[in-house]
Structures are given as structure tokens and as C-alpha cells.
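Dear colleague,

I am handing over the structure we spoke about, and I would be glad if you could look through it before reading my notes. They follow directly below it.

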Amino acid sequence: MTNEKTQLDKHLLIDVMRLDKFICKSTEYSLADATALIENRSIIVNGIVAIGATDQVHKNNIVMLDGKILTPRSFRYFLLNKPIDMICSNVDEKYPSVLNLLDVDRVSELHIAGRLDADTTGLVLITDDGHWSFNLTSPKNKCEKVYKVVLSRPISSDATKRFLEGVLLQGESKLTLPAKLDIIDSYNVLLTLTEGRFHQVKRMFSAIGNRVKSLHRQQIGNLELDVGIGNWRSLTDAEIEMLSVND
Ligand code: URA
């Protein structure tokens, strides 16, 4: 049994989902096809013809098409080691998307939970479970992300204290949340963040007069990067659970 298959039973469906999305997740139909099926009165929910594409269906509802009960596929969760010069986007732009590295079906249904810049390497989580990724990336839930940073100038003696107290990023009015700095040597540090503002690590070092030469995310929560550059694997049920935070 593949790792992807073992995820099937536990991570089926959040409690409620839009009917059109439920149909897509249970069939090969697109969102437009699903809307058309509802408009054509082909979808039955709990014995009644459904008429609203955006109606919510509960996981206990019985949704039928052509006399058959629709069962949604499980959500999928992947860990990937992002190489340099690839982007965390659903479409290729100046650089190709990291999603090109995943040889799985229906890649277009996936999204990246917590993006990295094109010149940043390391741990990226990819899923089609929007609820899970929203919670994971919300600063409210204080999930720790650990970055290995190579600096272009020696780290200043007050950097640990300043990051713990929070710094003001250029153009912003709110201090960054307390962040932990572990100094390996004067040019190499580990920075642990619980939020993910735009280019946050680079801007934090810029705020204290330094510059990031290279950046690598090596850990999210207790999950450490354990595949080679450009490789990926499915998360285990225990890892999905461990990274699931309550809303
Ligand atoms: N902070 C950055 O500046 N870049 C990243 O890619 C991630 C965090």
C-alpha cells in the first residue's frame, strides 16, 4: 500500500464543503462541469434535487449522480525539498513551479502551504486541504519554521535580543513576533519564526543592518527535511496530525 493510499481513510473531508467542490473531489469533473450538473438538476442531496452550486454539504450527507453515491477522494499532503530557481506558485513564470517536480495526478488541485522565494531552498508543504494549510500558516497558531541563514556580514552582538523583542520591517507598522536566533558562527545562524510575512527573513536581517546571502528552510513544526534536493514524499498520518492545529 502506498504512502499516499494510507492517507485515504483518515483525511477524507472536513465537516462541510461546497457542493460544486464536493462533486469535483468525487469525480473527474471540473468546477464548471459540476455547476452544469447542478443546473441540469442531475445532483441529488439526501434525496432532494440540488439547485445551489455553493450550497454546503456536510460529510454525512448523501450526494448522488446518475444513481451512484459520490465519495470524495482523500486530501493529499506532500513534503518537498525546493531547489533554487524554482517558484512556489501554481503556474510557471520566470522560473518553473515546484509543482512540476511532483509526479502525481491532478496537480492543479494542489497548493503550497507557506511559500519560499525563488532563491530560497528547502522544506515546502503541498496539499489540496485548504483548511489545513490555512491553519498551519496562520500566525495565530504559532507553528515554528526554522531557517538556516548565511549572512554577508558578521552577526551583530545585539541581534538575538532585537529579534526576540521584534523588529520593525520597512513599510510596516507592527513589530515582528518574537523570533529565536541561534548563532552557529559569525556568518551562519538559525532563525525560528512563528509568522510568515513577505520576504520576512531577508527583511528582518535588513532591519538590523545585515544581508541574507542564502536561505534554507529546514524545519516546520517538528517536521524536518529528510529528502534530497528536488525530491518529495507524502506525509504520514502522524505527521499530518502533528501539523494540524485547531482553529
Ligand atoms: N523569508 C524570506 O525572506 N524568504 C523566504 O523564502 C522565506 C522566508
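How do the residues of the shell around the ligand divide into nonpolar, polar and charged? In this model, which is predicted, 4 of them are nonpolar, 3 are polar and 2 are charged. By name, the residues around the ligand are Leu-116, Asp-117, Thr-120, Tyr-147, His-199, Gln-200, Val-201, Lys-202 and Leu-215.

As for where they come from, the chain is divided into domain 1 (9–69), domain 2 (77–139 + 222–243) and domain 3 (144–220), and the shell takes at least three residues from each of domain 2 and domain 3. Helix α6, which spans residues 200–207, supplies the largest share of the shell, with 3 residues. Concerning the arrangement of the domains, the C-alpha centres of domain 1 and domain 2 are 28 Å apart.

On the side-chain part, an N or O atom of Thr-120 is 2.9 Å from an oxygen atom of the ligand. Of the 240 Å² of accessible area that the ligand has on its own, the protein covers 96%, and the space that the ligand takes is the largest pocket.

With best regards

Technical notes. Residues numbered from 1 in each chain as written. Predicted model: local features only at pLDDT ≥ 70, side-chain atom pairs only at ≥ 80, totals over all residues. Heavy atoms only, no water. Near = heavy atom within 4 Å. Polar contact = N/O pair within 3.5 Å; in protein donor to acceptor, adjacent residues only side chain to side chain. Areas by Shrake-Rupley, 256 points an atom, 1.4 Å probe, with all protein chains shown as cover. 1 Å grid on protein atoms, 1.4 Å probe; cavity = no way out; pocket = protein on both sides within 12 Å on 5 of 7 lines; lining within 4 Å. Sits in = over half its atoms within 2 Å of the grid points. Helix = DSSP H or I, 4+ residues; strand = E, 2+ residues; numbered from the N terminus. Nonpolar A, V, L, I, M, F, W, Y, C, P; charged D, E, K, R; others polar. Domains from an automatic or database assignment.
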